[in-house]
Amino acid sequence: MSTRLPTAEGRLVELSDEALVELRMRLRGAIFTPADSGYDQVRRPFNAMQTDHPAVIVQCTGTADVVEAVNFARENEIEVVVRGGGHSIAGLSSSDGGVVIDLSLMRGVEVDPDAKIARVQSGALWGDVDREAQLYGLATPGGVVSDTGVAGLTLGGGYGWLRRNHGLSCDNVIEARVVGADGEVRTASADVNPDLFWAIRGGGGNFGIVTSFTFRVHPVGPIVAFTGVFYRQADAADILRGYRDYFRAAPDEISPEAISITMPAAPTLPPPIHDQECLIVAAVHVGDVERGMEVMRPLREFATPLADISQPMPFTVVQSAFDGFFPMGKLHSYWKAQHLPALPDEALAIIAERANQRPSPLTLVATFQMGGAINRVGSTDTAYAERSAPWMSSVDGNWENASDTTANVAWVRESFRKIAPYSNGMTYTSFTGQADETATTLTANAYGANLDRLRRIKTEYDPHNFFRLNPNVEPASAVAT
């Protein structure tokens, strides 16, 4: 018996059962095929829009397993997808008929509080990192959802609640271990393979499989000042103007976002916001808690709120506060984000109007303030190129029924198009619907002037584009032809 699997070029190759048996013997981790018990549980992608069924899932337990999986796929010319936390909106941690190299069992986190570093395996979630680092009152910039994967977020940049004070996730990487397309294990740091180190900080999974990161960690919490105010969505235009004006001079210790969503009637939420269309103004202050609550008080006074849960709060609670909006495998999702150099009243009016017209109660329209430490890094210092815009607008379509997909995707695209005149053209690869974008457009809009250097590094480390199911950077040689 044999299985037919796609190659990276789209051809089909025959893989014998004997070859899979041999691979099983070489691994410490497990292999799942559609015939195996547990396959569906391991297969399930984050986004319900993705109905992929990989032919083989290799669950790695460490770097040695990753090397075996890479060599096996390369030698058999099989299409490969890499899954860390599996939180890819665009479905880039799943495959239809190919091989998934699954790192989800590799979740170790070791914190050195004296050296202020954390060593993190690439299957870890941000909740894993926070759990260990907060034991010492430390943290590194991660996401705003605790079950987001560390690797995918970091390789693509990484926005979170600490971004204005401590930068992006990728800005805090000081070393990584990378398995290349050739199966070789390399260290990437400022002193060892510095070009590879530059590329993985914002260039995505184009250059190999990172099996571990070493992060710089910072004193944070364990209690932080948190603002969480629920305003009426009908007042969004006025609230967003106050939000913009406040952050023209706000300190970098504060990282905020303004989110339009319909709140569920959950028993853990204040009754006045049950089933209500809300504009949530949320923010975290890093530093003295009492001062933070006072400095952020104006965020709570833009209008009479429906509810206000602002208070000193454990950082780990803040990090998981939005988890319920993004359940694994249950929602169909299509997101698009872009950076804005300014927020004129006209742009705010469009954002508010689109938020008032959301086709699904689960859809979010979010306005992030950026700047601070993010923009103190040069646009060519890392592969992550967007270092100038003070704002990011994200339209996150989420809905429950597959029959609503066409209408919701169209609405997200139209919202993105209407906000685009106020954008600088730079997108964010972690928050993007990629099915409608050519590879050239996507990479140019995400990587900007860094794209040519990324292509040269890609040529050195992955000349045949083995790692291509990602926001793909093609080798320079492929572009030239």
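**View A. N465 sits in the loop between helix 14 (451-461) and helix 15 (476-480).** What you see is a predicted model, where local features need pLDDT of at least 70, side-chain atom pairs count only at pLDDT 80 or more, and totals for chains, interfaces and linings use all residues. Residue numbers start from 1 along each chain as its sequence is written, and side-chain values use heavy atoms, with hydrogens and water left out. Take a look at the backbone of N465: its phi is near 55°, a positive value in a residue other than glycine. Is N465 buried or exposed? N465 counts as buried because its relative accessibility is 7%, and the cut-offs are under 20% relative accessible area for buried, over 50% for exposed and anything in between for partly exposed (1.4 Å probe, protein chains only).

**View B. E77 is another non-glycine residue with a positive phi, here near 55°.** Look for E77 in the loop between helix 3 (63-75) and strand 5. With 43% relative accessibility, E77 counts as partly exposed.

**View C. A cis peptide bond joins G221 and P222.** The omega angle of this bond is about 10°. P222 belongs to the loop between strand 13 (218-219) and strand 14.

**View D. Four strands make an open sheet in the order 3-4-6-5, with mixed pairing.** Strands pair through backbone hydrogen bonds, either parallel or antiparallel. To count as a pair here, two strands need at least two DSSP bridges between them. At the edges are strand 3 (30-32) and strand 5 (80-83), each pairing on one side only. On average, neighbouring strands of this sheet are turned by 20° against each other, direction ignored; such angles use axes fitted to C-alpha atoms (for helices, over the stretch in contact) and run from 0 to 180 degrees between N-to-C directions.

**View E. Strand 4 (residues 56-59) pairs with strand 3 and with strand 6.** With strand 3 the pairing is antiparallel, over three bridges, and A30 stands opposite Q59. With strand 6 the pairing is parallel, over four bridges, and V58 has I101 as its bridge partner. Which residues cover the two faces of strand 4? V56 and V58 are on one side, I57 and Q59 on the other, and all are buried.

**View F. Strand 5 runs parallel to strand 6 (residues 99-102).** Four bridges join the two strands.

**View G. Another open sheet has five strands in the order 7-8-12-10-11, with antiparallel pairing.** Its edge strands, strand 7 (109-112) and strand 11 (185-189), each pair on one side only. From one strand to the next, the twist averages 15°. Zoom in on strand 10 (residues 173-179) and you'll find five bridges to strand 11, antiparallel. E175 stands opposite S189 in strand 11.

**View H. The largest pocket holds about 500 Å³ of space.** On a 1 Å grid over the protein atoms alone, a pocket is an open set of points with protein on both sides within 12 Å along at least five of seven lines, a cavity is a set where a 1.4 Å probe fits but cannot get out, and lining residues have an atom within 4 Å of a point. Points join across faces, edges and corners, and a volume is the space filled by probe spheres set on them. How many residues line the largest pocket? There are 24, with M263, P264, L269, A321 and F325 nearest the centre. Strand 14 (223-232), strand 15 (254-262) and strand 16 (277-285) each supply at least two lining residues, and the largest share, three, comes from strand 14. The lining splits into 18 nonpolar, four polar and two charged residues (Ala, Val, Leu, Ile, Met, Phe, Trp, Tyr, Cys and Pro are nonpolar, Asp, Glu, Lys and Arg charged, and the others, Gly among them, polar).

**View I. The second largest cavity holds about 40 Å³ of space.** A search of the whole structure finds two cavities of 30 Å³ or more. G156, G202, Y384, T427, Y428, T429, A446 and Y447 line the second largest cavity, giving four nonpolar, four polar and no charged residues.
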